[in-house]
Amino acid sequence: MPADRLMPTPESADLIALTRELVDDKLRPRVDEAERTATFPRDVFTLLGRAGLLGLPYPEELGGGGQPYEVYLQVVEEIASAWAAVGVGVSVHALSCFGLFEAGTDEQRRRWLPDMLGGDLLGAYCLSEAHAGSDPAAMRTKAVRQGDDYVITGAKAWTTHGGQADFYKVMARTSDEKGRGISCFLVPADADGLTADVPEQKMGLMSSTTATMLFDGVRVPAERRLGAEGQGLAIALACLDAGRLGIAAVAVGVAQGALDAAVAYAKEREAFGRAIIDHQGLGFLLADMAAAVDSARATYLHAARLKDAGRPYGRAASVAKLVATDNAMKVTTDAVQVLGGAGYTKDFPVERYMRETKVMQIFEGTNQIQRLVISRHLK
Ligand SMILES: Cc1cc2nc3c(=O)[nH]c(=O)nc-3n(C[C@H](O)[C@H](O)[C@H](O)COP(=O)(O)OP(=O)(O)OC[C@H]3O[C@@H](n4cnc5c(N)ncnc54)[C@H](O)[C@@H]3O)c2cc1C
């Protein structure tokens with residue numbers, strides 16, 4: 001059953017209707033095959049871009065949709081309820097554009113953002129390194145100034161869309177000062193010396209390519225630096241606040257998909273002479289799942305509304321990421337339980353939902369790191 005949404009404007013309600021139609025026609029029929037064969041659906045991102053769904057939270061004059069975050073996130077949730085890897089991809093792409101929008105000059109924005117927001121250029125975000133995940137300030141990839149260029153050398157691990165993207169937003173070290181020695185660069189995929197390693201073999205999100213990006217003396221003009229030298233980590237962390245909301249919305253979408261599948265099955269499947277939903281023990285499990293989905297959605301909507309109002313939202317974003325992904329992990333695991341033995345097979349999507357959700361407790365800051373952020377706010 002589609003989620004019951006209170007949209008802020010008739011235009012945003014139309015956007016949700018458009019998204020549902022597109023998801024049903026173009027995404028749902030393809031997800032199983034793409035996940036089974038680990039095929040990256042580049043054309044789907046082009047399609048979403050053409051439909052105006054890739055740049056929703058950015059201003060219209062730069063090619064975006066001019067929508068509040070509250071609306072953008074609900075669109076992401078609708079996409080993820082059918083295809084988590086694409087929902088993650090939309091969120092990662094938005095995150096990849098965020099640095100340019102927030103820290104770029106007017107000239108930089110006008111030059112690159114319209115193609116990025118229109119779906120012609122797909123983005124990736126390179127912060128993590130093999131030894132620097134939760135602690136990105138420990139990164140070692142270097143960007144050394146040489147005349148009008150920087151030369152980047154190192155390896156950025158775990159890049160979503162690695163080897164598939166058209167541009168990479170890269171954080172690299174421009175001085176030895178730990179957190180303040182990092183700068184942010186917009187690197188085109190065809191830059192000499194930039195290659196993708198063999199993609200990771202993952203537990204889920206098979207159609208989303210994840211690879212280490214190797215920088216072997218990649219020369220980048222200084223005009224592709226976003227913000228001042230040394231501002232890179234601050235840009236990255238600000239992006240992550242927004243990105244965490246994207247992941248919270250994806251998690252809610254997957255949990256909603258799992259709940260819908262579980263309810264449909266529980267109404268049909270009979271045991272002891274009645275539908276299993278009519279056994280109170282199982283009906284209560286489904287009720288708890290529904291409550292977990294609804295309450296998770298409320299946390300990301302609250303954080304989004306703070307952001308839309310220009311209020312600080314870092315703590316609320318961490319709460320949303322923590323609650324939404326932990327709730328989704330529980331809901332998707334319980335969905336497998338509701339389907340019994342069938343839930344453990346690939347005949348139904350719930351085992352996939354469970355595998356896909358696990359990583360949401362890990363990326364964009366693990367849930368331990370979200371607790372760290374929240375507890376710092378409490379102090
Ligand atoms: C599928 C996938 C896609 C990804 N996509 C991207 C991407 O596009 N771009 C990008 O930059 N990165 C990406 N990542 C990387 C991701 O953000 C990191 O994996 C994550 O931040 C955790 O870092 P780590 O794996 O190095 O774990 P570690 O930092 O080594 O942590 C290991 C464990 O220690 C815990 N821990 C660490 N520090 C603390 C602490 N202070 N207190 C308590 N516990 C702690 C962690 O919570 C975790 O449980 C992706 C990862 C995956 C798996």
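## Helices H3 and H5

Helix H3 (residues 42-50) packs against helix H5 (residues 84-103) at about 60 degrees, the two axes lying 11 Å apart. H3 is therefore oblique to H5; angles under 35 degrees count as roughly parallel, over 145 as roughly antiparallel, 65 to 115 as roughly perpendicular and the rest as oblique. Their crossing is right-handed, a crossing being left-handed if the near helix is turned anticlockwise from the far one by less than a right angle, and right-handed if clockwise.

This is a predicted model: local features need pLDDT of at least 70, side-chain atom pairs count only at pLDDT 80 or more, and totals for chains, interfaces and linings use all residues. Residues are numbered from 1 along each chain as its sequence is written, and side-chain values use heavy atoms, with hydrogens and water left out.

## Two antiparallel pairs

The axes of H8 (residues 280-308) and H9 (residues 314-338) come within 9 Å and cross at roughly 160 degrees, so the two helices are roughly antiparallel. H8 passes H9 in a left-handed crossing. The residues of this contact comprise 19 nonpolar, 4 polar and 1 charged (Ala, Val, Leu, Ile, Met, Phe, Trp, Tyr, Cys and Pro count as nonpolar, Asp, Glu, Lys and Arg as charged, and the others, Gly among them, as polar).

For H7 (residues 232-268) and H10 (residues 350-358), the axes come within 10 Å at a crossing angle of roughly 155 degrees. H7 and H10 are therefore roughly antiparallel to each other, and H7 passes H10 in a left-handed crossing.

## Ligand surroundings

The ligand is surrounded by 16 residues, of which Ser128, Ser134, Trp158, Thr366 and Gln368 are the closest; a residue is near the ligand if one of its heavy atoms lies within 4 Å of it.

A nitrogen atom of the ligand is 2.7 Å from a side-chain N or O atom of Ser128. A polar side-chain atom of Thr160 lies 2.8 Å from a nitrogen atom of the ligand, and a polar backbone atom of Leu127 is 2.9 Å from a ligand oxygen atom. Of the 990 Å² of accessible area that the ligand has on its own, the protein covers 65% (Shrake-Rupley method, 1.4 Å probe).

Conventions:
Axes fitted to C-alpha atoms, helices over the stretch in contact; angles between N-to-C directions. Helix = DSSP H or I, 4+ residues; strand = E, 2+ residues; numbered from the N terminus. Polar contact = N/O pair within 3.5 Å; in protein donor to acceptor, adjacent residues only side chain to side chain.
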